[in-house]
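Please study the sequence and structure shown below, then work through each solution step by step.

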Amino acid sequence: MIDLLNTSAGIIARWLEAKLPALGGPSWWTDNVVKRLTFQQQRLVEEKKIQSITNLDLAAVLRVLDQNWGELAAVEPLPREARNWIKELQSIRNRWAHAPVAGLSPADTFRDADTLNRLMQVMRAESSLMERVEAFKLAALAKLAPLQETVSKPEATCPSGKLA
């Protein structure tokens with residue numbers, strides 16, 4: 001999932017670089033990117049002399065997208081739900097960046113991949129990424145399937161040891 005998230009950062013960054021200059025005019029970098037970042041992200045941009053959205057990390061790219069949502073939605077045909085997917089992806093990024101050694105549950109993994117898939121559709125990501133995300137979702141779903149079979153079998157036993 002980390003690789004998929006990093007790849008999606010590039011997709012979002014390129015999308016933003018195509019859209020933001022038209023919104024902000026000559027000062028778009030300062031107004032629509034730098035000023036929309038957190039203080040720590042701004043310091044990093046300054047220290048590393050970053051001058052392109054494609055050089056930002058996923059957290060910063062998602063923040064720029066979220067903070068410019070109103071302006072972007074006014075000129076782009078963006079579904080209302082996409083704003084929620086952006087917010088979810090900010091949490092997903094944090095969850096995967098700080099995932100426990102044992103990993104995340106298959107249910108969370110599936111949901112995270114589904115949210116990423118939905119936002120990447122809005123960003124019109126290339127089919128190769130969409131196929132990778134779909135494969136990741138299916139792998140998570142396969143891990144969930146045995147759990148569903150155990151729960152739904154009528155011959156499953158109760159805690160007392162008798163058939164349900």
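**Exercise 1.** Determine how many aromatic pairs a search of the whole structure finds.

Solution. Rings of Phe, Tyr and Trp (its six-membered ring) pair if their centres lie within 6.5 Å; planes under 30 degrees apart count as stacked, over 60 as edge-to-face and the rest as tilted. The ring centres of W28 and W29 are 5.9 Å apart with planes at 85°, so this pair is edge-to-face. For W96 and F136, the centres are 6.4 Å apart and the planes stand at 65°, so this pair is also edge-to-face.

The model is predicted: local features need pLDDT of at least 70, side-chain atom pairs count only at pLDDT 80 or more, and totals for chains, interfaces and linings use all residues. Residues are numbered from 1 along each chain as its sequence is written, and side-chain values use heavy atoms, with hydrogens and water left out.

**Exercise 2.** Locate W96 and F136 in the chain, and classify the accessibility of W96.

Solution. W96 belongs to helix α6 (residues 81–97) and F136 to helix α8 (residues 127–152), 40 residues apart. Helices here are DSSP runs (H or I, at least four residues), numbered from the N terminus. Buried means under 20% relative accessible area, exposed over 50%, partly exposed in between (1.4 Å probe, protein chains only). W96, at 15% relative accessibility, is therefore buried.

**Exercise 3.** Describe phi and the location of K49.

Solution. Most residues other than glycine have a negative phi. K49, however, has a positive phi near 55°. K49 sits in the loop between α3 (39–48) and α4 (58–67).

Note on methods. Helices (H or I, at least four residues) and strands (E, at least two) are DSSP runs, numbered from the N terminus.
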